[in-house]
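Please take a moment to look at the sequence and the structure before I go on.

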Amino acid sequence: MSIPFMKLSLLPAISALITLSTFSVCAQIPTGRPGLPGANGQPGMPPSSPAAAQASDLKRFDLDFPGGTPSDLAAAISKATGKHLNLIIPVERAATRIIPMKVVNVTVSELFTALQQASARQMPVVTGRSGKSSSVQYQNVSLNFLPVPGPITDETVWSFQSTEPTAEDKAVLAQLSETDQVCQYFQLAPYLDDHTVEDITTAVETGWKMLGVEPMPKLSFHQETKLLIAVGAAEHVQQILAVLQQLPLDRSATEEKIAKAMAEAEEVKAAKAPGWEKRVGEIEEGMERLARKKSAEQKLQGLMRPQSRRIPPPALPSPK
């Protein structure tokens, strides 16, 4: 779905958004909204849209969950709402651990949507072995609560699913020794909006040099698929994931892009060259996408701090 052109009055609103970015977003799930955006549309995550229900028709409740299994969460929700939660849990996923959380005035649909976003991450999966060499690929995983087809109500039957590696996968990974040569693939597409391939690989290699790794694993970037391919000792190659996990915490690049786009829009308007209105519209479309991305990152960061004290977030201005 294309994003419509925004009026020129969007510039002050986005400027205000940059100023407000210094505020901390604490653990509070938005109410009456269709859920949080996906984690950059990561592949491998099954589609779901439990937040599509009319929030006003569903029971709201407060929940202080210390963490536990899916059945523990179902029992806690049932107690908080005073209504039995219909949740189907596969036997092989019964021991899955769910993070602690403390939320206020939410619906089951909103809570499950937020849990899917907060649990999204990359984990290694062994895809093949040949002698002492192993192929390991990092895949996007998450916890998912999927409703049966039809309108969502307080009586809806949900099914719990997880795309995390199985116990067998984890056992194979545990057998890899420090000297095993592995070939691992890392999808860099979600990070290339704010960072270059050179930025990422330089950060990885700097860590290896500081540790005195010799020889260092070999790195190769496949432009067509945006995959970073690494071959080397398992212990050292796995450090690449630690670097990638830190990159989303830096939102300064997004802010700089918005600021540069605002300056460019002002220059185009001042010059009034032929077709300047169309160009300004294109620039503002880009700024809107960046602003939405920044807002989604702030919300997700708040959800990942479930024990934070609940403080109402500052109201963001809505462009007219």
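Predicted model: local features only at pLDDT ≥ 70, side-chain atom pairs only at ≥ 80, totals over all residues.

In helix H5, the buried residues are Val-197, Ile-200, Thr-201, Val-204 and Trp-208. Buried means under 20% relative accessible area, exposed over 50%, and partly exposed in between, with a 1.4 Å probe and protein chains only. As background, an α-helix has 3.6 residues a turn, so residues three or four places apart point the same way. Helices (H or I, at least four residues) and strands (E, at least two) are DSSP runs, numbered from the N terminus.

Residues are numbered from 1 along each chain as its sequence is written, and side-chain values use heavy atoms, with hydrogens and water left out.

What do the buried residues of H5 pack against? Their partners are S9, S10, helix H6 (234–237) and H7, where contact means heavy atoms within 4.5 Å. On the face of H5 turned away from its buried side we find the exposed residues Glu-198, Lys-209 and Met-210.

Let me turn to H7, which comprises residues 239–246. Here Ile-240, Leu-241, Val-243 and Leu-244 are buried. Seen down the axis of H7, the buried residues fall within an arc of 155°, so they line one face of the helix.

Next, the strands. S9 (residues 218–222) and S10 (residues 227–233) pair in the antiparallel sense over 5 bridges; two strands pair if DSSP finds at least two bridges between them. Ser-220, for example, has Ile-229 in S10 as its bridge partner. The two strands form a hairpin with 4 residues between them.

Finally, some backbone details. Most residues other than glycine have a negative phi, and most peptide bonds are trans. Lys-226, in the hairpin turn, has a positive phi of about 60°, and this residue is partly exposed, with a relative accessible area of 27%. Just after H5, Gly-212 also takes a positive phi, of about 75°. Between Glu-214 and Pro-215 the peptide bond is cis, with omega about 0°. Pro-215 lies in the loop between H5 (197–211) and S9.

Technical notes
Arc of directions from axis to C-beta.
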